[in-house]
Amino acid sequence: MELFVNHMNKLAEQEQQASTKSEQLFRNIAMSTGAIFGAYIGSKIYRKIKY
């Protein structure tokens, strides 16, 4: 658990150090797109398994 907390703290520090708004915007778009794509693929796999 401590490793996870340390990792999250490190990520938070890196995010604070992001120098430009464009970098933050790109990261947000990339993460959102990844989450949506992952959910879509996950639902397709679930439907194939379920039926």
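**Pocket lining and chain shape**

Tutor: By class, the lining of the largest pocket in this predicted model has two nonpolar, three polar and two charged residues.

Student: Which residues line the largest pocket?

Tutor: Leu11, Gln14, Glu15, Gln24, Arg27, Asn28 and Met31 line the largest pocket. The pocket has a volume of about 180 Å³.

Student: What makes up the lining in terms of helices?

Tutor: At least two lining residues come from each of α1 (2–16) and α2 (21–50). α2 gives the most, with four residues. The protein chain has two helices and zero strands.

Student: Why is Asn28 called partly exposed?

Tutor: Its relative accessibility is 45%. Buried means under 20% and exposed means over 50%, so a value in between makes Asn28 partly exposed. Asn28 lies in helix α2 and is one of the residues lining the largest pocket.

Student: How far apart are Asn28 and Phe4 in sequence and in space?

Tutor: Asn28 and Phe4 are 24 residues apart in sequence, and their C-alpha atoms are 21 Å apart in space.

Student: How do you know what the radius of gyration says about the protein chain against a compact globule?

Tutor: A compact globule of 51 residues would have a radius of gyration near 10 Å, whereas the protein chain has 16 Å.

Student: What percentage of the 51 residues count as buried?

Tutor: With the cut-off set at under 20% relative accessible area, 2% of the residues count as buried. The accessible surface comes to about 5,000 Å², and 64% of that belongs to carbon and sulfur atoms.

Note on methods: Residues numbered from 1 in each chain as written. Predicted model: local features only at pLDDT ≥ 70, side-chain atom pairs only at ≥ 80, totals over all residues. Heavy atoms only, no water. 1 Å grid on protein atoms, 1.4 Å probe; cavity = no way out; pocket = protein on both sides within 12 Å on 5 of 7 lines; lining within 4 Å. Points joined across faces, edges and corners; volume = space filled by probe spheres on them. Nonpolar A, V, L, I, M, F, W, Y, C, P; charged D, E, K, R; others polar. Rg over C-alpha atoms; globule rule 2.2 N^0.38 Å. Buried < 20%, exposed > 50% of the residue type's maximum accessible area, 1.4 Å probe, protein only. Areas by Shrake-Rupley, 256 points an atom, 1.4 Å probe, with all protein chains shown as cover.
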